[in-house]
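I opened a new notebook page for this protein. My entries follow in the order in which I looked things up.

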Amino acid sequence: MIQDQGSNFLAPERIIKYFDMQKGDHVADLGAGHGFFAIPMAKIVGGDGKIYAVDIQKSVLDVIRSKAKMHSLLNIEPILGDLDHPEGLNLKNGYMDFVLISNTLFQSENKPSIFAKAYKLLKNGGKLAVIEWDHTAPPPLGPPYGSRIKKEEARQLASSAGFSPDREFEAGSHHYGLRFIKK
């Protein structure tokens, strides 16, 4: 993944400050990929917290395990899960303080299902952050424009799932960031 090289692309250590996570929080990273956000989030929630890094690809979960071991982070649990499938996620409902959906929606065939899962996972008052490729971001980086999810569509999907808008946050030159609350 491309790191912030002066272009303000996507810097997880800077972005996660907008999440307002606390030590001891339980966090679901839905579509965790190679742990781009899971690793720095695990450092914030500390040993009393836990990061559930969910992805459909076993190989990327193996990468997360390796990175967690390399950083001595025992609070990351890689979980094989299919976000598009109604029964594709084996996590306790009403348990999470925070859920992250990052660079995942553009790949999904069932976007409403992902938001519904996030809503069920969160405690009342829990927060959801969505980070996606901005449909106006300049090429050549990112998915094709036709598969990108516009900010307005992400807001509508969150609202339809029962979330209340909280705030927009700066997520880099090619992404947008939205935060919602489960009321």
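Which residues touch the most other members of the largest nonpolar core? I found Phe-19, Phe-37, Met-41, Ile-76 and Ile-131, in a core of 29 residues. A nonpolar core here is a set of buried Ala, Val, Leu, Ile, Met, Phe, Trp, Tyr and Cys residues joined through side-chain atoms within 4.5 Å. Buried means under 20% relative accessible area, exposed means over 50%, and partly exposed lies in between, with a 1.4 Å probe and protein chains only.

I noted the ground rules next. The model is predicted, so local features need pLDDT of at least 70 and side-chain atom pairs count only at pLDDT 80 or more, while totals for chains, interfaces and linings use all residues. Residues are numbered from 1 along each chain as its sequence is written, and side-chain values use heavy atoms, with hydrogens and water left out.

Entry: The largest share, 5 residues, comes from α2. A second, separate core has 27 residues, including Ala-28, Ile-79, Leu-128 and Ile-149.

**Entry: the fold.** I counted 5 helices and 7 strands. Helices (H or I, at least four residues) and strands (E, at least two) are DSSP runs, numbered from the N terminus. Along the sequence the pattern reads α-β-α-β-α-β-β-α-β-α-β-β. The radius of gyration is 15 Å, close to the 16 Å of the globule rule for 183 residues, so the protein is as compact as a globular protein of that length. That radius is taken over C-alpha atoms, and the rule is 2.2 Å times the number of residues to the power 0.38. I also noted that 51% of the 183 residues count as buried.

**Entry: contacts.** Contact means heavy atoms within 4.5 Å. Of the contacts with a separation of 6 or more, 71% are between residues 24 or more positions apart. I then looked up Ile-76. Leaving out residues up to four places away in sequence, Ile-76 touches Ala-38, Ile-39, Ala-42, Ile-51, Ala-53, Ile-64 and Ala-68.

**Entry: α2.** Is α2 mostly covered or mostly open? I found it mostly covered, with 6 of its 8 residues buried. These are Ala-38, Ile-39, Pro-40, Met-41, Ala-42 and Val-45. They pack against α1 (12–15), β1 (26–30), β2, α3, β3 and β4. Just after α2, Gly-46 has a positive phi of about 70°.

**Entry: Asp-48.** Asp-48 sits in the loop between α2 and β2. I put Asp-48 down as exposed because its relative accessible area is 68%. Beyond residues up to four places away in sequence, Asp-48 touches Gly-24 and His-26.

**Entry: two positive phi values.** Ser-72 is not a glycine, yet its phi is near 55°. Ser-72 lies in the loop between α3 and β3 (76–80) and counts as exposed because its relative accessibility is 60%. Asn-103 is also not a glycine and has a positive phi of about 50°. Asn-103 lies in the loop between β4 and α4 (111–121). Buried or exposed? Asn-103 counts as buried because its relative accessibility is 13%.
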